Amino acid sequence: MSGLIITSLIILVFVIIYQIGKASEYAAILRGEKKVNAQVNRAMAWLLVGTFLLGMWGIWECHQYFKDLMLPVAACRTGENYDSMFNVTIMVTGIVFFLTQAVLFWFCFKYQDSGKRSSYFFAHSNKLELIWTTIPAIAMAILVAIGIRNWFDVTSEAPAEATAVEIVGKQFNWIIRYPGKDKELGKRDFRKINDANNVLGLDWSDPHNADDIIAQNGEIHMVVGKPVKLIIGSRDVIHDVGLPHFRMKMDAVPGITTTLWLTPTITSDSMKLITKNPNFVYEIACDQLCGKGHYAMRGTIIVETQAKYDQWLAKQQAYYATANPSAAPAAPAADSAATAPKAEAGKEISMK
Ligand SMILES: [Cu+2]
C-alpha cells in the first residue's frame, strides 16, 4: 500500500514540474522571452549564493553535532604527533576548500548573464599552469613528508628497555601474554594450540615459557611513561590491533609477527578526569572485519603507576601453573602439557 502511495506521489511531482514548465513557457511568450530569461538568471545567481551559505552552515552544524564523538587527547607521544599532523592537514585543505568554493560561487553570482558582456576566450597560460601546479605540489610534499616522518617513528624499533607484551587475536577475542620474571616470551607452536589448557600453543620444552603469564580478561597493563612493545599475532584470520586513544593500529596476521610500540603518557585514572567519564577505559578494537563476532572483539588497556603495576603483577600466576595444576611449578616437563589427558584439564582456563 505504501509503495503505491509513494509511486503516485512521485508521478504527481513529475506532473506538477511538467505543468510548471509548460506554464512558464506560455508566460515567457506572453511577457517576452528576454525579460523572463533575465529574471531566471537573477534568481539562479541568488540561489547559488544561498546554496553556498547553506552548505557552509551545514558543515558548521555537522561539526557541532559530531564534536562530542571526537576522541579525547592522544595518550602517547606518537599519538600527539599524529594529531598535530591531522590538524595541519585539515587546516590547509580546509582553508583551500573554503577559498575555492567562495570564489567559485562568487564568480557565478558576479558574472551572471547581464546581456552586456560576452565571454572571453582564454585558452592557455604557462604562468598560471606553473602556479597552480607548483603550489599544491609543494603543499602536498610537505604534508607527505610530515606523514612519512610519523610513519617511520611509529614503525621504528622499540627501545631496548621496552616491556614486551604479546597480543594474539582469535575469533573473537584477544589473548594477552606477559613474559614473566625472565622478561622473555617463550616459544610458541601453533600445532600445540589447545583451547583447554594451551590457548597460545606455548612450547613447554622452552624454559622461557615457565613463568609466562596469560591475562585472564584480555587486559593489557602498562606503566605510565614506560615504553611497551606489542608483539602481535593471530591464531586464525587477519585481525587488527586498533588503539584509537593512542592513534595507532597494526594488523595481526596469522603466521607473521608484527610489532608496535608506544609510551603511554596519561594514566587511565587521569583520563577519567580529562574525559569526565568515570567509566573511561583505553580500548583495543579489532580494526579488521574478521567474522560475525568482529564487533565484540574488544580488549582493554590499563595505564597505571609503577606501584600499581607491580601490585597487579605480583598477583598474577604463571600460565603453566594454571594450565597444569598437577605439575610442579617452574619446572616444565618436556612436552606432556600440550597433550595432557582430558581428565587433567579440570581447572583449565577457557579463553572464549
Ligand atoms: Cu578481529
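Guide: Two strands pair if DSSP finds at least two bridges between them. This is a predicted model, in which local features need pLDDT of at least 70 and side-chain atom pairs count only at pLDDT 80 or more, while totals for chains, interfaces and linings use all residues. Residues are numbered from 1 along each chain as its sequence is written.

Visitor: What is the order of the five strands in the open sheet?

Guide: The order is β3-β2-β1-β5-β8, with mixed pairing. β3 (213-214) and β8 (258-262) are called edge strands because each pairs on one side only.

Visitor: How do you know whether the span of helix α1 (a DSSP run of H or I, at least four residues) agrees with 1.5 Å a residue?

Guide: The expected span is 1.5 Å times one less than the number of residues, so the 30 residues of α1 (residues 2-31) should span 44 Å, and the 43 Å between the end C-alpha atoms agrees with this.

Visitor: Why is α1 called hardly covered?

Guide: A residue is buried if 20 or more other C-beta atoms, placed from the backbone, lie within 10 Å of its own, and the count of such residues among the 30 of α1 is zero. In the chain, buried residues make up 21% of the 352 residues.

Methods:
Helix = DSSP H or I, 4+ residues; strand = E, 2+ residues; numbered from the N terminus. Buried ≥ 20, exposed ≤ 12 C-beta atoms within 10 Å, placed from the backbone.
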